[in-house]
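Me: Hi! I have a model open and would like to talk through a few spots in it. Could you help me out?

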Amino acid sequence: MRDAVKSRLHWVVPLAAAWLWFCTIANQSAVQVLNFDNIENYALAVFCQLFWGFSENGEWAQTIHFGYVDSWMWSGHRTGWLPFMGWLYGLNPDPIWLTRIQIGLLSLGAFPAWGMGRDEIDERYGGWIGLVLYLGFPPLAAIALQDYQDLILSIPFILGAIWQCRKGSRLGFAAFAVAAAMCREELVPMMALVGLAHPGHLRLRVRWFLTSAAIAAAYGALIWWIGRDFSGYDNPMLSHSGDMVVRWPPVWTREWTDLDNFYGAFLKPIQFIAVLSPVTLAPSLGALFFHLTAPAHGGVDTTWSGHIHHMAPIVGFVAAASIEAVGRLSRWLSRWRRAKPLLIGTTALAVTAVSVIAARPWMAFLNLSPSMSLTMPSTVADEWTFLEHIPEDAAVATDSHLSLLIANRAEAFTYDESLADKRPGQGLQAVDFIILRKGDKSWRKQVEASGGQPVSETRLYELFDLRRP
């Protein structure tokens, strides 16, 4: 018993590393949430309202954003994790909690990174290298701060699926592969290709490919059958694919400057070594292709402060291919058997040093401060005090920027976007309170004309009570 415990003590290392990374990222995420400085406030607000509604009454509905339908496939995506996320959100309905769930799941990728490093590289130093190549990968931190996006959850599952595939565990692979596919429908074809990453002769790889393809096909068929009667919002991946069928060759919407400013960072500082594992890296090329051909101004960005969550699957594949590539190099060193431990140990130190040096400008850019404890920001937006004056069951409207403030309620509208769509023809009669930006003079005239009474104000916003006697 004691020997069994001692043999597993090494897992404390990735646990500690994951906690450090989690606290560091989560603390900055809390700053962004409480100061309404997210990538897109109203997108996070929509997720919060969806999960709040599901946890409260078991229904998928949102009133914050224009156009999306009331369904678990609300934006056309097929995300199997949605009900589980709804249940988790209900444990503590708060946008900070939602972002921490995402960041926490990403931090747990430290475990497959550690295990794969030990299996692929070296039992003594390989785990450390795996941890650095994963947690020390700057794009991982940048994507973790993308508010909440279900596609981002796929990163640790992709890494775990490749690890278990190379390890030869069909059960472990199936669990990770299905978990990855549940993050969004575009992961299904990627998981079908992961089986080719299994080491060994061609016949064995074909068998694993057939296994992975069968698992992906079964899950794909399941989500298709569940959503067979869905209508009202197009699936983005299928829409983009259909556009390319009509117009081929596809239009490349990116510029050469994007290679230096954005795409190149996914192979830095040392992740360029991933090209030595092309089979493992190959499934990510599909995601990269769609990213390169997506409309340049359609919410698929190449700026680090924009919508970059569509690159999340690439992070998982690059991290796995990097670990595998170092393992490949370590096996080439087997001819120098006596010097091999020293060479691998030196490699671990070099990988760590380069990653730490490269991380410094990224930490400054992302406003990250290393921490081993969760903290709340010392300053928060004054508008949060408005909630003290609004009953929980009241219908409230505000602008898109402040929509996160009112997300945890059934009747939450953005007067500059969703109110006319969700409550056509009703206008201010559909709401009990309105949080109005002081610069929106036309809306202020309407509020005054309807007899709205001022309740509270901040430097930028005013809260009005629109309830009629």
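Me: Where is N367 placed?
Reply: N367 is in the loop between α18 (340-366) and β1 (396-398). Helices (H or I, at least four residues) and strands (E, at least two) are DSSP runs, numbered from the N terminus. This is a predicted model, where local features need pLDDT of at least 70, side-chain atom pairs count only at pLDDT 80 or more, and totals for chains, interfaces and linings use all residues. Residues are numbered from 1 along each chain as its sequence is written, and side-chain values use heavy atoms, with hydrogens and water left out.

Me: Is N367 buried or exposed?
Reply: N367 is exposed, at 52% relative accessible area. Buried means under 20%, exposed over 50%, and partly exposed in between (1.4 Å probe, protein chains only). N367 also has a positive phi of about 60°, although it is not a glycine.

Me: And F36, buried or exposed?
Reply: F36 is buried, with a relative accessible area of 4%. Its phi is positive too, about 50°, and F36 lies in the loop between α2 (12-34) and α3 (41-57).

Me: New topic: which peptide bond is cis, with omega near 0°?
Reply: The one from K268 to P269. P269 is in the loop between α14 (256-261) and α15 (278-281).

Me: Why is helix α7 largely enclosed by the rest of the structure?
Reply: Because 9 of the 10 residues of α7 (residues 126-135) are buried. Among them are I129, L131 and Y134.

Me: Last one: what does M191 touch?
Reply: Its contacts (heavy atoms within 4.5 Å) include I158, F173 and F317, not counting residues up to four places away in sequence.
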